[in-house]
Structures are given as structure tokens and as C-alpha cells.
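Hi,

Here is the structure I promised to pass on to you.

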Amino acid sequence: MASEHQEPSQDQKPKPYNSYLKYSSLAVQLAVTIGLFAWLGYKIDEWLNLKYPIFLIVFVFVAFAGMMYQLYKSIDKS
């Protein structure tokens, strides 16, 4: 009871590489999401036999916009 205000142990202190891991995982998510949406758009364009790859372009822009919004929300919390 005498020592209610204890120093945080090593396990409770935030690690200095946490922000590095956070932002590198966001970069991986960005690349995977855009790649997945691009592949999906390509397959739809191929399936519909379209001359111009409209789904590929639209899906890449939608994925990029969504990931930028997620990045904005993530930075806003910090």
C-alpha cells in the first residue's frame, strides 16, 4: 500500500519501434490492397472482354482513396 505509484515495468513502457511497425504495416496494407483491387479489376475486364481496362483503373483509384482515408484516420488518432 505504501507504493501505490509504481514505476512502469519494462513490459508496460511503449517500445521505440512501435511507430515503425505501425507505419510499415500500413505500407504493406496499402500495397496489398491496391494489388488485390488491381488484380480483381483486371479479371473483371478480362471476363467482360472490355477493350479499355475501366474496372482496373476504377478499382485502383477506389483502393487508393480508401487507403488514404485509413491512413488519415490512423494519423489523426496519434
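Let's start with the aromatic rings: Phe37, Phe55 and Phe59 are joined into a cluster by ring pairs. Keep in mind that this is a predicted model. The count of aromatic pairs comes to 2. In one of them, the ring centres of Phe37 and Phe59 are 6.2 Å apart and the planes sit at 65°, so this pair is edge-to-face. That pair ties together distant parts of the chain, since Phe37 belongs to helix α1 and Phe59 to helix α2, 22 residues apart. The rings of Phe55 and Phe59 also make an edge-to-face pair, because their planes are at 85°, with the centres 6.0 Å apart. Here both residues are in helix α2, 4 residues apart, or about one turn of the helix.

How covered are these rings? Phe59 has 19% relative accessibility, so it counts as buried, the cut-off being under 20%. Phe37, at 29%, is partly exposed, and Phe55 is also partly exposed, with a relative accessible area of 29%.

Now for the helices themselves. Helix α1 covers residues 18-47. With 30 residues at 1.5 Å a residue, α1 should span 44 Å, and its end C-alpha atoms are 43 Å apart, so the two values agree. Helix α2 takes in residues 54-77. Its 24 residues should span 34 Å, and the end C-alpha atoms of α2 are 35 Å apart, which agrees too.

What do the buried residues of α2 pack against? They pack against α1. The buried residues in α2 are Phe59, Ala63, Met67 and Ser74. If you skip its neighbours within four places in sequence, Ser74 touches Lys22 and Leu26.

Next, look at the loop between α1 and α2, where you'll find Asn49. Most residues other than glycine have a negative phi. Asn49 isn't a glycine, yet its phi is positive, at about 55°, and this comes just after α1. With a relative accessible area of 67%, Asn49 is exposed.

There is a salt bridge to look for as well, and the count is 1. Glu46 forms it with Lys43, with the closest N and O atoms 3.4 Å apart. The two are 3 residues apart in helix α1, so about one helical turn lies between Glu46 and Lys43. Both partners are partly exposed: Glu46 has 40% relative accessibility, and Lys43 has a relative accessible area of 35%.

Last stop, the surface. Trp47, Leu48, Leu50, Tyr52, Ile54, Ile57, Val58, Phe61 and Val62 make up a nonpolar patch there, and together they have about 920 Å² of accessible area. Which element gives the largest share of the patch? That is helix α2, with 5 residues. Ile54 is found in helix α2 and, at 40% relative accessibility, counts as partly exposed.

Cheers

Conventions. Residues are numbered from 1 along each chain as its sequence is written. This is a predicted model: local features need pLDDT of at least 70, side-chain atom pairs count only at pLDDT 80 or more; totals for chains, interfaces and linings use all residues. Side-chain values use heavy atoms; hydrogens and water are left out. Patches are made of residues with over 30% relative accessible area and no salt bridge: like charges are joined within 9 Å, nonpolar side chains (Val, Leu, Ile, Met, Phe, Trp, Tyr) within 5 Å. Accessible areas come from the Shrake-Rupley method with a 1.4 Å probe; for residues, only the protein chains shown count as cover. A salt bridge is a side-chain nitrogen of Lys or Arg within 4 Å of a carboxyl oxygen of Asp or Glu. Buried means under 20% relative accessible area, exposed over 50%, partly exposed in between (1.4 Å probe, protein chains only). Contact means heavy atoms within 4.5 Å. The expected span of a helix is 1.5 Å times one less than its number of residues. Rings of Phe, Tyr and Trp (its six-membered ring) pair if their centres lie within 6.5 Å; planes under 30 degrees apart count as stacked, over 60 as edge-to-face and the rest as tilted.
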